[in-house]
Amino acid sequence: MMKIDKDKLIIGAAGPVLALVTSFVLTVLVLLATGLDPIEPIRLMIENAGYSDVQVLIVNYTAILYLAALAVSIGFRMNLFNIGVEGQYRLAAMVSALVGAAVDLPGPLHILVIVLVAVATGALWAGIAGILKTTRGVSEVVSTIMLNAITTSLVAWLILPKNFGVQPAGSNDLTTGQIPESGWFPGIDMGEGGQIYGFTFVALALGVVYWFVINRTRFGFDLRATGESESAAQASGVDAKKMIITAMLISGGLAGLAGMPILLGESHTYSLAFPVGVGFTAITVALLGRNHPVGILFAALLFAFLEKASSSLDIAGYPKEITQIMQGIIVIAVVVSYELVRRYGLRRQQQKVGEELAAGGAIKTDKEVTA
Amino acid sequence: MGIASAALALSATACGKSSNDTGSSSSSSSASGALKAAIAYDIGGRGDQSFNDAAYAGLKKAEDELGVKGAEAEPSQGESDADKVARLTSLARAGNNPVIGVGFSYAPAIEKVAKSFPKTTFGLIDDTSKTGPNIANLVFNEEQGSYLAGVAAAKASKTGTVGFIGGVEVPLIKKFEAGFTQGVKDTNPKAKVLTQYLTQPPNFDGFSKPDLGKAAAEGQLDKGADVIYAAAGLAGAGAIEATATAGKWAIGVDSDQYKQAGLAAYKDHILTSVTKDVSGSVYNVIKSVKDGKPQTGEIRYGLATNGVGLADSNPAYTKMTDLIAAVDKAKKEIVDGKITVKTAP
């Protein structure tokens with residue numbers, strides 16, 4: 001048993017490592033081709049990551065990416081490609097910010113209401129794609145992309161001052177109004193470094209819950225089974241349609257939570273400057289992390305590091321776009337290397353079985369020796 | 001997990017030091033040597049041929065004429081206020097004074113950082129909602145310049161239909177729309193104004209993709225518009241191209257687009273441009289710090305101070321005496337306070 005697990009682990013890690021090394025080498029080549037020192041920007045990024053304020057930014061961004069990537073990965077586990085995490089995240093943040101600013105409740109209750117509204121909004125929005133898929137056979141890829149576009153228009157309309165938006169005097173920004181202090185999630189003060197959002201710990205806890213649900217519950221088993229083979233799962237009594245809708249609802253709910261660290265910990269309002277693009281970055285993070293809660297955590301940390309440690313590169317005279325090049329290459333490299341590793345693993349497995357068959361009855365004693 | 005994350009794990013042990021610690025020795029502006037000024041760009045960064053480039057032009061002018069050492073910083077996609085705070089802090093700590101945030105999205109960050117650096121002047125473009133003793137709020141009466149464009153458009157139009165194309169549907173661009181529409185209606189109450197926005201936030205393609213501007217302009221031309229005013233940054237170039245190709249009048253924005261090299265092929269059809277002196281405002285705030293009298297509070301650039309206005313470099317425009325007379329009259333009335341231009345449609 002031990003031996004098989006180790007093999008699995010090596011093969012599991014080989015994909016991401018191969019992807020990262022490839023992207024690193026290619027980025028260095030790009031820097032060389034543009035006539036820049038290839039090592040200095042990377043050294044600067046590592047140096048930046050040593051500063052406490054950059055570390056706080058990295059930790060906070062990791063939490064946001066982590067939540068969004070969990071949302072993506074629960075879909076992946078079911079063979080569902082929820083590209084709509086971005087839209088679900090934005091709409092949920094906007095609607096929950098509106099509700100949060102409109103109600104005034106005692107502390108924890110206020111936060112709970114905001115969070116629940118965010119989960120419900122995200123789930124509802126993703127649920128539309130789920131229903132379209134189960135009743136009309138619409139691919140969730142197409143419907144979630146379209147829902148993203150609809151989100152943009154819907155949020156733009158909702159935030160108009162004549163509807164629900166507020167334009168502070170003298171500002172060119174549009175907001176949803178300020179959430180009263182009872183709806184602020186307390187963070188951890190890091191002195192000069194800033195504040196770590198309290199919601200970061202909720203994100204980590206959700207990672208544990210995610211692991212437990214996927215690996216230790218009947219529901220998780222059904223989910224993975226449906227993802228492996230819908231027809232096989234159906235034959236063994238799993239209601240595939242129900243699974244699709246449930247998975248989309250959970251995915252959307254998690255996507256809705258991705259906006260909470262910033263909304264509850266920093267901005268306390270949804271404005272035109274609210275961060276966008278989280279849902280798309282999360283797709284890469286989930287891929288890189290192989291849909292495993294621990295893998296995703298490392299992937300989110302890596303992406304947060306790339307993003308935040310590079311943000312001051314331009315002040316030092318280096319293009320910070322190298323981060324985007326790196327991330328872009330990682331996406332391609334991940335897909336390629338996973339396929340390579342998968343084929344290699346398959347061949348290795350076949351070889352092993354062949355060897356075992358050839359060795360005949362000797363396998364048993366052999367195995368006992370190595371174990 | 002790869003080299004980068006291994007490095008991260010290594011460096012994570014070296015915490016406790018803030019990036020702000022570096023260079024704090026030269027934080028005061030009175031330090032010897034050249035004055036250092038910094039601008040932090042809005043989304044799009046340098047090379048947007050619009051807002052950010054105008055800010056850079058102001059910094060460049062200060063470098064050339066005042067001997068100032070300039071620094072620039074660009075935002076990342078999808079960043080939050082915390083990232084902006086970190087950027088402005090590192091610029092201020094590096095001894096830059098003034099530090100200028102280009103665009104209203106810097107307002108919350110500047111409010112925080114300005115308190116930590118009371119001796120540094122912070123310029124904040126397009127926002128007066130956050131104020132402080134060391135914050136200079138650089139704002140423009142875009143609606144006044146746009147009103148004059150509306151007067152010119154109504155006078156130049158033969159069909160009685162004119163078009164307005166806004167890049168992204170944000171309050172700032174609505175000021176352009178409000179002024180333009182009012183100017184048209186005050187001049188010719190029967191005129192029709194077609195209004196279209198290219199994209200809605202957070203999709204800022206409407207400021208950067210000329211094909212969007214072109215398609216919108218073609219649509220308005222089909223509906224009979226013969227003067228089109230595009231307040232859409234780089235996307236406006238597409239609108240100018242379509243309008244000029246159809247032989248109609250285009251009105252440019254931000255800088256005098258008649259003089260822009262990229263639009264030379266269409267310049268005969270660029271009637272005028274609504275100018276917004278972002279570069280001048282950046283230059284002025286740097287100069288004020290150098291002169292030891294840093295600007296503070298609301299610094300308004302309107303028609304009266306030529307902070308906004310209409311360009312007159314197209315000879316065809318200056319020949320339209322009737323139009324010029326109407327524009328000059330409107331300008332005088334706005335400056336005298338006889339006409340109040342709305343800031344929202």
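Mentor: Let us begin with helix 2 (residues 51-66) of chain B, which in this predicted model lies across strand 1 and strand 2 of chain B and runs at about 170 degrees to strand 1 of chain B.

Trainee: Why are strand 2 and strand 11 of chain B called edge strands?

Mentor: The open sheet of chain B has six strands in the order 2-1-3-4-5-11, with parallel pairing; strand 2 (69-73) and strand 11 (297-301) of chain B each pair on one side only. Neighbouring strands of this sheet are turned by 20 degrees against each other on average, direction ignored.

Trainee: Which residues of helix 11 of chain B are buried, and how do you know that they are on the same side?

Mentor: A residue counts as buried if 20 or more other C-beta atoms lie within 10 Å of its own, and B:Leu323, B:Val327, B:Ala330, B:Lys331 and B:Ile334 are the buried residues of this helix. Because they cover an arc of only 100 degrees around the axis, they are on the same side of helix 11 of chain B. They pack against helix 5 (142-156), helix 6 (171-187) and strand 12 (308-310) of chain B, while B:Thr321, B:Asp322, B:Ala325 and B:Lys332 are exposed on the other side.

How values were computed:
Residues numbered from 1 in each chain as written. Chains lettered and ligands numbered in written order. Predicted model: local features only at pLDDT ≥ 70, side-chain atom pairs only at ≥ 80, totals over all residues. Buried ≥ 20, exposed ≤ 12 C-beta atoms within 10 Å, placed from the backbone. Helix = DSSP H or I, 4+ residues; strand = E, 2+ residues; numbered from the N terminus. Arc of directions from axis to C-beta. Contact = placed C-beta atoms within 7 Å. Pairing = 2+ DSSP bridges. Axes fitted to C-alpha atoms, helices over the stretch in contact; angles between N-to-C directions.
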